[in-house]
Amino acid sequence: MNAEMKGKVCIVTGANGGIGKATAAALAQRGATVILACRDQARGEAAKNEIISATGNSDIQVMRVDLANQESIREMVTRFYAIRNRLDVLVNTAAVFKAQRTTTPDGLETMFAVNHLGVFRLTNLLLDTLTASAPSRVLVATAPSTVQLDFDDLQGAQKFRPLWAFGASKMCNLLFTYELARRLEGTGVTVNAVHPGLVKSNLMREAPPMMRWVTQLVSSRPEKPAAALARLASSPEVAGVTGKFFKDGQEIESSPYSHDRNAQRRLWDTSVALTDRTRPI
Ligand SMILES: NC(=O)c1ccc[n+]([C@@H]2O[C@H](COP(=O)([O-])OP(=O)(O)OC[C@H]3O[C@@H](n4cnc5c(N)ncnc54)[C@H](OP(=O)(O)O)[C@@H]3O)[C@@H](O)[C@H]2O)c1
């Protein structure tokens, strides 16, 4: 462990496995305080123990959150505010792929709810502390999706195609990142999207076997994108850089549609309407 991020508080979602766990370990290796936001306490504790023994950093904590459940997100944020008074880095890596259309306790299509609304809700609820702790950084793991959203059927109620719906949720991540970055200009909070590349993980466990087999063949280990994510979370070289899309630490282009400000604004407004209306965002 080194002291590069000593005193910095980081939250990593989906930190019990895949890219999230490797990123949490990379931040812990840099001496940060790391909060593992996981939906299963036992899996979170197992990841925590692994990270502590690999890095020697014991300043690791598990906080349970189910991103499919808006009340669970609110509860986690309330617990976070009760014990921490700063947040320097939020890394949104949690995501899910579903082969069938399923809905969450809030009645929302699961991929849209977890992969987009979960990120939207959690990040917005943490904005007060991110702003108060500025300079601070938000990272959103996504993919170079080219899907154009169907705002008349955003949750696939009329026509559900799993890969399209997953791609749409990753497009939401891009649209959200660019919109939020613009909204936070001048606050010292930067917001960037990150493509980890093809990585061996459990994410596509419900995908067709042939597709899984081929992608596993060409996928790398999560430690590689995790190192890039940890650099983006800490490096002075990217201080102040916001509203960009990165892969392997280099800026890359996302599809022209992801830069469509009307789509960004429409998604934002729709997301506000679909998340808890009792607290202003
Ligand atoms: N792997 C790739 O090739 C690839 C490529 C491009 C982009 N990405 C992006 O990289 C990110 C990480 O992917 P990964 O490959 O590391 O996936 P992964 O191994 O499946 O990890 C996903 C994490 O999200 C958590 N999660 C799922 N549903 C949740 C919920 N409702 N509440 C809280 N946590 C939940 C999972 O927890 P459980 O263990 O409890 O399920 C797991 O910890 C994703 O955003 C993905 O879209 C990955």
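User: Where is Asp248 placed?

Analyst: This is a predicted model, and the phi of Asp248 is near 50 degrees, a positive value in a residue other than glycine. Asp248 sits in the loop between strand 7 and strand 8.

User: Is Asp248 buried, partly exposed or exposed?

Analyst: Buried needs 20 or more other C-beta atoms within 10 Å, and exposed means 12 or fewer. Asp248 has 14 C-beta neighbours inside 10 Å, so Asp248 counts as partly exposed.

User: In what order do the 8 strands of the open sheet run?

Analyst: The pairing in this sheet is mixed. Strand 3 (60–64) and strand 8 (250–252) are the edge strands, each pairing on one side only. On average, neighbouring strands are turned by 25 degrees against each other, direction ignored. The order is 3-2-1-4-5-6-7-8.

User: Which residue of strand 4 is the bridge partner of Ile11?

Analyst: Strand 1 (residues 9–13) and strand 4 (residues 89–92) run parallel, joined by 3 bridges. The strand 4 partner of Ile11 is Leu90.

User: What angle does the direction of helix 4 make with that of strand 4?

Analyst: Helix 4 (residues 110–125) packs on the sheet. It touches strand 1, strand 4 and strand 5 (136–141). Its direction and that of strand 4 make an angle of about 170 degrees.

User: And at what angle does helix 8 run to strand 5?

Analyst: Helix 8 (residues 223–234) lies across strand 1, strand 4, strand 5, strand 6 (189–195) and strand 7 (245–247). Its angle to strand 5 is about 155 degrees.

User: Which residue of strand 2 is the bridge partner of Val12?

Analyst: Strand 1 and strand 2 pair in the parallel sense, over 5 bridges. Strand 2 (residues 33–38) is mostly covered, with 6 of its 6 residues buried. Thr33, Ile35 and Ala37 point one way, and Val34, Leu36 and Cys38 point the other. The bridge partner of Val12 there is Leu36.

User: How many residues does the largest nonpolar core have?

Analyst: In soluble globular proteins, nonpolar side chains tend to be buried together. Here, the residues with the most contacts inside the core are Cys10, Val12, Leu27, Val34, Leu36 and Ala37. Beyond its neighbours within four places in sequence, Leu36 is in contact with residues including Val12, Ala24, Ile60 and Val62. The core's residue count is 83.

User: Which helix gives the largest share of this core?

Analyst: The core has 83 residues. The largest share, 10 residues, comes from helix 6 (residues 162–183).

User: Why is strand 6 largely enclosed by the rest of the structure?

Analyst: Val189, Val191, Ala193 and His195 point one way from strand 6, and Thr190, Asn192 and Val194 point the other. Both groups are buried. Strand 6 is largely enclosed because its buried residues number 7 of 7.

User: Which residue stands opposite Thr190 in strand 6?

Analyst: Strand 5 and strand 6 pair over 6 bridges, in the parallel sense. Opposite Thr190 stands Arg137.

User: Is Val194 buried or exposed?

Analyst: Val194 is found in strand 6. Leaving aside neighbours within four places in sequence, its contacts are Leu139, Val140, Ala141, Leu229, Leu232 and Phe246. The cut-off for this class is 20 or more other C-beta atoms within 10 Å. Val194 has 29 C-beta neighbours inside 10 Å, so Val194 counts as buried.

User: How far apart are the C-alpha atoms of Thr102 and Val189?

Analyst: Thr102 is in the loop between strand 4 and helix 4. With 13 C-beta neighbours inside 10 Å, Thr102 counts as partly exposed. Thr102 and Val189 are 87 residues apart along the chain, and their C-alpha atoms are separated by 34 Å.

User: Which helix gives the most residues to the shell around the ligand?

Analyst: 29 residues surround the ligand, and the closest are Gly14, Gly18, Ala94, Ala95 and Ser201. The shell divides into 14 nonpolar, 10 polar and 5 charged residues. With 3 residues, the top contributor is helix 1 (residues 18–29).

Key
Residues numbered from 1 in each chain as written. Predicted model: local features only at pLDDT ≥ 70, side-chain atom pairs only at ≥ 80, totals over all residues. Near = placed C-beta within 6 Å. Helix = DSSP H or I, 4+ residues; strand = E, 2+ residues; numbered from the N terminus. Nonpolar A, V, L, I, M, F, W, Y, C, P; charged D, E, K, R; others polar. Pairing = 2+ DSSP bridges. Axes fitted to C-alpha atoms, helices over the stretch in contact; angles between N-to-C directions. Contact = placed C-beta atoms within 7 Å. Core = buried A, V, L, I, M, F, W, Y, C linked by C-beta atoms within 7 Å.
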